[in-house]
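Open the model in your viewer and follow along. Each stop tells you what to select next.

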Amino acid sequence: MVDKKGKNSEKEKEPEMKEFEWTPYAELRLLHAMYGLKPIGVSYHFLMLIIWEKFKETMGINVPLKIVKEKISTWYDLKAADEIFPDDDFSEEEFSLPIDEFPQIVTVESSKPVETNSKKRKH
């Protein structure tokens with residue numbers, strides 16, 4: 001679509017690369033983008049996106065995520081890393097606030113009806 005000024009109002013997509021030549025400079029930029037990040041476990045996809053964005057920014061071109069993932073997988077066995085580093089950081093633990101510091105929470109909780117085991121549905 002063309003607006004009144006003759007410019008395209010829709011975002012033009014850059015042509016997606018089919019191949020990317022990995023030079024030593026590009027590999028170094030990717031390693032810098034990965035610095036301090038372990039793209040494994042629960043946060044794999046999130047961290048991979050961060051690495052990809054950093055890499056694209058430093059290279060100044062739009063390299064597809066798939067190409068970056070493929071390159072990282074040639075350096076590291078991410079499936080084996082998942083087994084070595086389990087997701088222990090995300091374990092659930094019982095938590096309660098100190099009553100003396102949060103008395104308003106206690107009054108709200110005490111006004112709620114208490115649910116007994118017989119009322120809970122079994123799945």
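How many of the residues of the protein chain count as buried? Of its 123 residues, 19% do; buried means under 20% relative accessible area, exposed over 50%, and partly exposed in between (1.4 Å probe, protein chains only).

This is a predicted model: local features need pLDDT of at least 70, side-chain atom pairs count only at pLDDT 80 or more, and totals for chains, interfaces and linings use all residues. Residues are numbered from 1 along each chain as its sequence is written, and side-chain values use heavy atoms, with hydrogens and water left out.

**Stop 1: the fold.** Switch to cartoon view. The protein chain has five helices and zero strands. Helices (H or I, at least four residues) and strands (E, at least two) are DSSP runs, numbered from the N terminus.

**Stop 2: the core.** Select F20, L30, F55, V68 and I72. Of the 18 residues in the largest nonpolar core, these touch the most other members. Such a core is a set of buried Ala, Val, Leu, Ile, Met, Phe, Trp, Tyr and Cys residues joined through side-chain atoms within 4.5 Å. Helices α1 (24–34), α2 (44–59), α3 (65–75) and α4 each supply at least two of its residues. The most come from α2, which gives six.

**Stop 3: L30.** Zoom in on L30. Leaving out residues up to four places away in sequence, L30 touches W22, I51, F55, V68, K71, I72 and W75. Contact means heavy atoms within 4.5 Å.

**Stop 4: L97.** Move to the loop between α4 (78–84) and α5 (103–111), where L97 lies. L97 is partly exposed, with a relative accessible area of 36%.
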